[in-house]
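The exercises below ask for a reading of one protein model, topic by topic. Each task is followed by a solution in steps.

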Amino acid sequence: MSAAVRAAFDAPPLPRVTDLLPHRYPMLLVDRVEELVRGTSIRAVKAITVNEPWYEGLAADAPLDYPPALLIESWGQSAGLLASATAPAPDGQVMLFGSVADAQFHLPVLPGDVIEHRVRVSRSLGDSVIFEGSSHRGADTVMTVSRMVMAFRPGEVLTTDEPVRPPAGRDREATA
């Protein structure tokens, strides 16, 4: 048996998407993990279909471009898979999308396309992780992301019944 074949058998199995993300239909936007290097990178796949709920009720002549916000969400879920597979959130911690910077959309994504998200850890800062990468349809790059930030925060802070107040020193009129 060759070393490459032996390594393939010895490699840990790739995680199932639903084992690492709480998302479910219709907002689970990653189908499978193709490659995972814990703490470093992931390649995950999303197959676009016309049966997705955002295409429901479109006029016959409406464009079928996949919504860019959903492409970002799908890429972000891939980043979440990488973060969760690397170090699952400590008890009581919730993974939150923080921000995205310099996302560029190069080509439209259409039903029938299979999109491969390539996500790399750019920097890990304890309870926050910065990612970068791209999305591809075959050899074509459809989107690049310069920076996405995810943070882990205590769940009890997020589920309080207390109203959200503006930061100290700012009144409500200044933030409206």
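This is a predicted model: local features need pLDDT of at least 70, side-chain atom pairs count only at pLDDT 80 or more; totals for chains, interfaces and linings use all residues.

**Exercise 1. Confidence**

Find the average pLDDT of the protein chain, and decide which elements have the lowest and the highest mean.

Solution. 
1. The average over the protein chain is a pLDDT of 85. A score of at least 70 is reached by 81% of the residues.
2. Taken element by element, the highest mean pLDDT, 98, belongs to β2. The lowest, 47, belongs to helix α5, residues 172–175.
3. Over residues 172–176 pLDDT stays under 50. For this stretch the model has four contacts beyond four places in sequence.

**Exercise 2. The pairings of β4**

Determine how many bridges join β4 to β2 and how many join β4 to β5, and name bridge partners for each pairing.

Solution. 
1. Between β2 (residues 41–47) and β4 there are seven bridges, in the antiparallel sense.
2. In this pairing A47 has V114 of β4 as its bridge partner, and V45 stands opposite E116.
3. Between β4 and β5 there are eight bridges, also antiparallel. Here H117 has S135 of β5 as its bridge partner.
4. β4 and β5 form a hairpin, with three residues between the two strands.

**Exercise 3. Backbone geometry**

Which peptide bond is cis, and which residue has a positive phi although it is not a glycine?

Solution. 
1. The cis peptide bond runs from Y25 to P26, with omega near 5 degrees.
2. P26 is placed in the loop between α2 (17–20) and β1.
3. The residue with a positive phi that is not a glycine is D102, at about 55 degrees. D102 belongs to strand β3.
4. A positive phi, of about 75 degrees, is also found at G126 in the turn of the β4–β5 hairpin.

**Exercise 4. The second largest pocket**

Describe the second largest pocket by its volume, its lining and the elements that supply the lining.

Solution. 
1. The space in the second largest pocket is about 180 Å³.
2. Its lining has 14 residues. Those nearest the centre of the pocket are A83, A87, S124, V129 and F152.
3. Two or more lining residues come from each of α3 (68–86), β4 (114–124) and β5 (128–137). The largest share, three residues, is that of α3.
4. By type, the lining has eight nonpolar residues, five polar residues and one charged residue.

Definitions and conventions. Residues are numbered from 1 along each chain as its sequence is written. Side-chain values use heavy atoms; hydrogens and water are left out. On a 1 Å grid over the protein atoms alone, a cavity is a set of points where a 1.4 Å probe fits but cannot get out, and a pocket is an open set with protein on both sides within 12 Å along at least five of seven lines; lining residues have an atom within 4 Å of a point. Grid points are joined across faces, edges and corners, and a volume is the space filled by probe spheres set on the points. Helices (H or I, at least four residues) and strands (E, at least two) are DSSP runs, numbered from the N terminus. Ala, Val, Leu, Ile, Met, Phe, Trp, Tyr, Cys and Pro count as nonpolar, Asp, Glu, Lys and Arg as charged, and the others, Gly among them, as polar. Two strands pair if DSSP finds at least two bridges between them. pLDDT is the predictor's confidence in each residue, from 0 to 100. Contact means heavy atoms within 4.5 Å.
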